[in-house]
Amino acid sequence: MFKPRFILPVLKSLQRSTNSFSCPCVKPILKKNKSVLQSSHIHTSLLRSMFIQTQETPNPNSLKFLPGVKVLEPGQTIDFPTASTAYTSPLAKLIFRIEGVKSVFFGSDFITVTKADEDVDWRVVKPEIFAVIMDFFASGLPLLQTDAVPSPDTQINEDDDETVMMIKELLDTRIRPTVQEDGGDIIFMGFEDGVVKLKMQGSCTSCPSSVVTLKNGVQNMLQFYVPEVISVEQIEDEIEIVTKAEFEKMEKRLKEKETSNET
């Protein structure tokens, strides 16, 4: 039976190891308290019978919507990086129909929507998202189809060695809850030759500070408690790689068109 190593949260030692854990995408665990939530800009909108809140995230292109009702089970998340991946969620499909929406992410009590770029105005897109969310929950339809598989809390498997168990435990108890408060998630994908492989989701996917988050935040904390960890690496699945390539091609064509129009 696995007996996890005893984690002694000595304040001074932890502060030394997490001084660089100050990336705006993942705030220091010890400093995450009510003052942080009170300082965040929370806007509210009373739409008919549903009270929907929006909260800014460290990613300027992502906004967190809190409908005031359960979205998924506690600890669960599910990511829809593209419209084609939203076939398992009627709500996600409706949100993707709004012009300017790039990706959708569900948490236990929130929905994160990421817009395509800075040119998309939240003042235009946000009311449409409000209406879609409100109408959907009022309809009573299921949020997900039966074949949808949310990302659960990182489960410790019987064949996991002690190092992997420690990594998963730290991700679940110290890192993922904080990331989810910022509208995203970090999923454990594997551990090999001292390298922890993680996948960023939600607001963290396109956040300008995601690399800093992994290297100066998550990596420092894991190395502090698990000496076997050498580094942390972000991985992308095939869909994300193709989507990013197509998006870069589209940006290039738009820039070329603007240049030709100027001449």
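Helices (H or I, at least four residues) and strands (E, at least two) are taken here as DSSP runs, numbered from the N terminus. The structure is a predicted model, in which local features need pLDDT of at least 70 and side-chain atom pairs count only at pLDDT 80 or more, while totals for chains, interfaces and linings use all residues. Residues are numbered from 1 along each chain as its sequence is written, and side-chain values use heavy atoms, with hydrogens and water left out.

On these terms the protein chain has 7 helices and 9 strands. Where contact means heavy atoms within 4.5 Å, 63% of the contacts in the protein chain between residues at least 6 apart in sequence join residues at least 24 apart.

An open sheet of 3 strands is found in the order β7-β8-β9, with mixed pairing, two strands being paired if DSSP finds at least two bridges between them. The edge strands of this sheet are β7 (184-192) and β9 (231-234), each of which pairs on one side only. From one strand to the next the twist averages 30°, with axes taken as lines fitted to C-alpha atoms, for helices over the stretch in contact, and with angles running from 0 to 180 degrees between N-to-C directions. In general, strands of a sheet pair through backbone hydrogen bonds, either parallel or antiparallel. Strands β7 and β8 (residues 195-202) run antiparallel and are joined by 8 bridges; G184 stands opposite G202 in β8, and I186 stands opposite M200 in β8. The two strands form a hairpin with 2 residues between them, and D193 in the turn has a positive phi of about 55°. Helix α5 (residues 162-181) lies across β7 and β8, and runs at about 165° to β7.

Strand β8 also holds K199, which counts as buried because its relative accessibility is 13%. The C-alpha atoms of K199 and E236 are separated by 6.5 Å, although these residues are 37 residues apart along the chain.

In the loop between β8 and α6 (210-225) lies S203, which at 1% relative accessibility therefore counts as buried. The side chain of S203 reaches the backbone oxygen of D182 at 2.7 Å. When residues up to four places away in sequence are not counted, S203 touches T57, N59, S62, T112, D182, G183 and G184.

The structure holds 5 aromatic pairs, a pair being rings of Phe, Tyr and Trp (its six-membered ring) whose centres lie within 6.5 Å, with planes under 30 degrees apart counted as stacked, over 60 as edge-to-face and the rest as tilted. The rings of F105 and F110 have centres 6.1 Å apart and planes at 35°, so this pair is tilted, and both F105 and F110 are buried. The pair of F136 and F137 is edge-to-face because the ring centres are 6.0 Å apart and the planes stand at 85°; F136 counts as buried at 4% relative accessibility, whereas F137 counts as partly exposed at 22%.

Technical notes. Buried means under 20% relative accessible area, exposed over 50%, partly exposed in between (1.4 Å probe, protein chains only). A polar contact is a pair of N or O atoms within 3.5 Å; within protein, one must be able to donate a hydrogen and the other to accept it, and residues adjacent in sequence count only if both atoms are side-chain atoms.
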